Amino acid sequence: MEKIRIEEGERTPLIDFNFQTGVFVIKGRSLPEDPKKFYDPILEDLKNYLENPAKNTVFEMKLDYFNTASAKELLEIFDLLPKENSQINWYYYEDDNDMLDAGVDYSEMTKNKIKFNFIELV
């Protein structure tokens, strides 16, 4: 498996996972009708990738909004990541304290085992 690309929908984010480079992008809004149905195949592919990962794994989290049900699925993704050679780049707009706080919460929920970089957008 080389890539997964799911185009952004009205209620679902862009998913662009490159298993060869280890760069994974989730961008947009995450409000799927059935978050488990949307994210479970992605989680399975990620588990397969982690059996033989790239040297470094980088998540580019560029979400504008996500609902509570999506938050649980995202935490499952983050919990899968190995401590070594993984990082999450969490993007947020300068006036969006809620999104910044969500990233900080994820960092704490993963017990700070994964490096989080908080990147402010203007």
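Start by selecting Asn85, which sits in the loop between H2 and strand S5 (86-93). Helices (H or I, at least four residues) and strands (E, at least two) are DSSP runs, numbered from the N terminus. The model is a predicted one, in which local features need pLDDT of at least 70 and side-chain atom pairs count only at pLDDT 80 or more, while totals for chains, interfaces and linings use all residues. Residues are numbered from 1 along each chain as its sequence is written, and side-chain values use heavy atoms, with hydrogens and water left out.

Stay on Asn85 and look at its backbone. What is the phi of Asn85 near? Phi is near 60 degrees there, a positive value in a residue other than glycine. Most residues other than glycine have a negative phi. Is Asn85 buried, exposed or partly exposed? Asn85 counts as partly exposed because its relative accessibility is 47%. The cut-offs are these: buried means under 20% relative accessible area, exposed over 50%, and partly exposed in between (1.4 Å probe, protein chains only).

**The whole chain**

Now zoom out and colour by secondary structure. The protein chain has 3 helices and 6 strands, and along the sequence they follow the pattern β-β-β-α-β-α-β-α-β. Along its principal axes the C-alpha trace spans about 40 × 30 × 25 Å. The radius of gyration is 13 Å, which agrees with the value near 14 Å that a compact globule of 122 residues would have. This radius is taken over C-alpha atoms, and the globule rule is 2.2 Å times the number of residues to the power 0.38.

Of the 122 residues, 45% count as buried. Among contacts with a separation of 6 or more, residues 24 or more positions apart account for 64%; contact means heavy atoms within 4.5 Å.

**Helix H1**

Select residues 35-50, which form helix H1. Its 16 residues reach 22 Å from first C-alpha to last, close to the 22 Å expected at 1.5 Å a residue. The expected span is 1.5 Å times one less than the number of residues.

Which residues of H1 are buried? They are Pro35, Phe38, Tyr39, Ile42, Leu43, Asp45, Leu46, Tyr49 and Leu50.

**Glu73, in helix H2**

Next select Glu73, which lies in helix H2. With a relative accessible area of 3%, Glu73 is buried. Leaving out residues up to four places away in sequence, Glu73 touches Pro35, Lys36, Tyr39, Asp40 and Leu43. Draw a distance from Glu73 to Met109: they are 36 residues apart along the chain, and their C-alpha atoms are separated by 13 Å.

Move to Ala54, in the loop between H1 and S4. Is Ala54 buried or exposed? Ala54 is buried, with a relative accessible area of 18%. It touches Phe19, Gln20, Thr21, Gly22 and Tyr49, not counting residues up to four places away in sequence. From Ala54 to Phe118 is 64 residues in sequence and 23 Å in space, C-alpha to C-alpha.

**Lys27, in strand S3**

Select Lys27, whose place is in strand S3. Lys27 is partly exposed, at a relative accessible area of 40%. Its contacts, not counting residues up to four places away in sequence, are Glu8, Pro13, Leu14, Lys62 and Leu63. Lys27 and Glu120 are 93 residues apart in sequence, and their C-alpha atoms are 15 Å apart.

**Glu94, the last stop**

Finish with Glu94, in the loop between S5 and helix H3 (97-109). Glu94 counts as partly exposed, at 47% relative accessibility. Which residues does Glu94 touch, not counting those up to four places away in sequence? They are Glu120, Leu121 and Val122. Between Glu94 and Ile42 there are 30 Å in space, C-alpha to C-alpha, and the two are 52 residues apart in sequence.
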